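Here is a short briefing for a first look. Please keep the sequence and the 3D view open while reading.

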Amino acid sequence: MLVPRVWSSVRLGLSRVLSRTLRGWPSGEGRGMDLSGIYPPVTTPFTATAEVDYGKLEENLHKLGTLPFRGFVVQGSNGEFPFLTSSERLEVVSRARQALPKDKLLLAGSGCESTQATVEMTVSMAQVGADAAMVVTPCYYRGRMSSAALIHHYTKVADLSPVPVVLYSVPANTGLDLPVDAVVTLSQHPNIVGIKDSGGDVTRIGLIVHKTRSQDFQVLAGSAGFLLASYAIGAVGGVCALANVLGSQVCQLERLCLTGQWEDAQKLQHRLIEPNTAVTRRFGIPGLKKTMDWFGYYGGPCRSPLQELSPAQEEALRLDFASNGWL
């Protein structure tokens, strides 16, 4: 049972949720949101004293907002959300909504370890401006996170969310892949509209697209490194860390795929693989923030315990971009 404090929060913004029938969401509720397109998962800027720098966040978003993105993801893995307090997470969402053009979708990472906390965070993020909630798999007790447990978790969150829910599978960080059978079951929920899959297994992505084809369910690739392959097998877009620094190029790759210019798309995809790997698996968020500094955005420091790159790592990062013609 949800405690009274959570129910109080839910009631503030969920009149349509609380009036749903006992059988669940009305048919089509939550559907109709078109996720197609490219989303940068924005970083959270910090000051030298490790405080959230909301001014720099707004500056970055104003610059990124001029590019042809479908929207933005805040409080995803690149936003260092596990290192933020609940109030900081909500303030980031609120400031982002205010800074972004109204036609840009704002997907907010609302995942927490417990279902109760995730419901509360999801409702609160909707209240401060999120258009959809991106919910990462709970993973601390990963050995107990069976398909049944995850289906129960996401169903409860989606039942009570005032905005559409996007599933988020990122096994590199959680050690847990959201099972395909669970995704297929959850795709039938009228308030679950899609999944961001960051695992890089194109066969898995294709299987999800295939098995959810009868549902209004959308798949977003979780990285620019396999964006072309994901489009080729039915994904509708991508949430790509590299878009924070090479946004125009990632959007160009999207256009080439959508217009069937596969030879040019392949050439561009090849040039993006090494830089993408550098700012994701190889050097992670510290690498991404360093390249943001190089490309005219504010990257700045990470929050501890993440550490800055060593001089040797920074040089290797620079080479990954320079050797592909981006620096």
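Gly-32 sits in the loop between helix 2 (15-18) and strand 1 (37-39). Helices (H or I, at least four residues) and strands (E, at least two) are DSSP runs, numbered from the N terminus. This is a predicted model, where local features need pLDDT of at least 70 and side-chain atom pairs count only at pLDDT 80 or more, while totals for chains, interfaces and linings use all residues. Residues are numbered from 1 along each chain as its sequence is written, and side-chain values use heavy atoms, leaving out hydrogens and water.

**Gly-32**
- Gly-32 counts as exposed, at 69% relative accessibility. Exposed means over 50% relative accessible area, buried under 20%, and partly exposed in between (1.4 Å probe, protein chains only).
- Its C-alpha atom is separated by 30 Å from that of Val-245, 213 residues apart along the chain.

**Lys-196**
- The UniProt annotation "active site" covers Lys-196. Such annotations may be inferred rather than shown by experiment.
- Lys-196 is part of strand 6 (residues 192-197).
- Lys-196 counts as buried, at 4% relative accessibility.
- Leaving aside residues up to four places away in sequence, Lys-196 touches residues including Met-134, Tyr-168 and Val-239. Contact means heavy atoms within 4.5 Å.

**Helix 11 and helix 12**
- The axes of helix 11 (residues 247-258) and helix 12 (residues 262-282) come within 8 Å and cross at roughly 150°. Axes are lines fitted to C-alpha atoms, for helices over the stretch in contact, and angles run from 0 to 180 degrees between N-to-C directions.
- The two helices are therefore roughly antiparallel to each other (angles over 145 degrees).
- Among the contact residues are Leu-253 of helix 11 and Leu-268 of helix 12.

Terms used
Angles under 35 degrees count as roughly parallel, over 145 as roughly antiparallel, 65 to 115 as roughly perpendicular and the rest as oblique.
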